[in-house]
Amino acid sequence: MASMRIALIKGDGIGVDVAEAALTVMEAALEKVGLARPVYDEIQAGAGYFKENGVDIEPDGEERAEAADAIFLGAIGLPAIRHQDGTEISPHLRLRDRFGLYAGVRPVKAYPNAPQRLADPRAANIDLIILRESTEGLFYSAAAHDRSLVVNDDEVQDILRITRKTTTKLHGFAFDLARKRRDRGKPGKLTCVDKANVFTSLAFFRQLFDEVKQNYPDIPVGYNYVDAQALDLVRKPWEFDVLVTENMFGDILSDLAGGLVGGMGMAACAEIGDTTGLFQPAHGSAPDIMGQDKANPLAAILSAALMLDYLSEKLGRPELSSAAELVNSAVDSGFDDNALRPMEFGGDMGTRAVTNQILSRISPVAPVRTSIRA
């Protein structure tokens with residue numbers, strides 16, 4: 001059977017470290033279920049590449065990414081390297097736009113022995129997904145797209161765009177995701193998060209939600225304004241299962257939620273469109289700790305598991321889902337046994353130690369590696 005083709009963009013800062021950790025774990029899981037390692041097409045992109053070459057991605061990089069079965073990204077951006085207008089280098093935003101990666105899946109899960117910022121014991125049961133539309137909303141006007149309505153020394157106006165085509169697909173994805181969650185024993189409730197009481201665009205977002213809802217009478221739904229949702233993520237996050245929301249709202253809420261379950265080092269992300277998907281940890285590039293064996297690789301590792309699940313469905317290969325489950329189970333059991341103690345949490349384990357602990361749980365008889373990519 002042909003090998004999977006993965007477009008690999010390690011990017012900047014710790015993106016290199018965590019991408020290599022994630023691929024090492026993914027390859028171990030694939031080997032465990034009898035599959036060959038993927039074929040990687042490594043594409044140079046990011047702020048460092050921009051500094052050296054004046055462009056943010058290789059000349060044919062976007063075409064090569066499109067030709068792959070999926071895209072894996074480490075991290076993009078370096079705070080000291082910016083465009084003249086002050087915005088950061090962000091080719092990944094253009095990839096989202098070009099490939100129509102409208103469904104931004106951000107899992108939020110509490111693990112035993114990981115930091116829990118809320119005192120309420122019910123916080124140990126946080127297990128939800130924030131589904132962030134990733135191509136429109138306020139990010140439609142992101143500097144990378146050059147779509148601002150007015151830009152001069154006196155005024156700047158950006159556009160918040162909601163379209164029927166994209167938002168209907170997003171809501172359909174959200175209801176399907178809630179149904180899958182229910183079938184796996186989760187509550188399966190879907191909450192529409194908006195600001196429909198103030199903005200016409202977001203009233204339209206809710207209108208489209210209600211239209212799609214008619215096709216899913218078995219899925220319980222709820223509604224929340226985004227400010228109330230932010231409050232509820234602090235007051236009672238355990239009461240939510242799947243949240244669907246506009247791009248900027250999802251960006252903010254997913255970081256808030258990540259903070260409830262340990263930090264951005266646990267924030268996995270899948271961005272899925274009709275024909276391809278991009279997978280990445282949702283954290284930044286943290287160049288101050290690059291190459292120092294300090295980064296928490298778990299967000300990247302969990303993102304690789306999301307990629308395997310996606311490819312299982314896309315390519316019709318259920319064994320890839322089995323490999324994803326091996327990765328997720330290794331993370332679960334590692335926290336259960338207090339064997340995962342990332343430095344991000346004040347623990348004693350760097351990138352290599354965390355990676356090797358996951359590897360030992362996927363293939364206990366395999367020798368522990370002394371480097372990320374042996």
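This is a predicted model: local features need pLDDT of at least 70, side-chain atom pairs count only at pLDDT 80 or more; totals for chains, interfaces and linings use all residues.
**Close-up 1. Cys269, a buried cysteine.** At 0% relative accessibility, Cys269 counts as buried (under 20% relative accessible area; exposed is over 50%, partly exposed in between, with a 1.4 Å probe and protein chains only). Residues are numbered from 1 along each chain as its sequence is written, and side-chain values use heavy atoms, with hydrogens and water left out.

**Close-up 2. Cys192, and no disulfides.** Cys192 is buried too, with a relative accessible area of 0%. The structure holds zero disulfides (a disulfide being a pair of cysteine sulfur atoms within 2.5 Å).

**Close-up 3. Helices α9 and α10 crossing.** Here α9 (residues 298–315) and α10 (residues 318–336) have axes that come within 7 Å and cross at roughly 155°. Axes are lines fitted to C-alpha atoms over the stretch in contact, with angles from 0 to 180 degrees between N-to-C directions; helices are DSSP runs (H or I, at least four residues), numbered from the N terminus. The pair is therefore roughly antiparallel (over 145 degrees).

**Close-up 4. What touches what between α9 and α10.** The contact (heavy atoms within 4.5 Å) includes Leu298, Ile301 and Leu315 of α9 and Pro318, Val327 and Phe335 of α10. Its residues split into 14 nonpolar, three polar and one charged (Ala, Val, Leu, Ile, Met, Phe, Trp, Tyr, Cys and Pro are nonpolar; Asp, Glu, Lys and Arg charged; the others, Gly among them, polar).

Technical notes. Helices (H or I, at least four residues) and strands (E, at least two) are DSSP runs, numbered from the N terminus. Angles under 35 degrees count as roughly parallel, over 145 as roughly antiparallel, 65 to 115 as roughly perpendicular and the rest as oblique.
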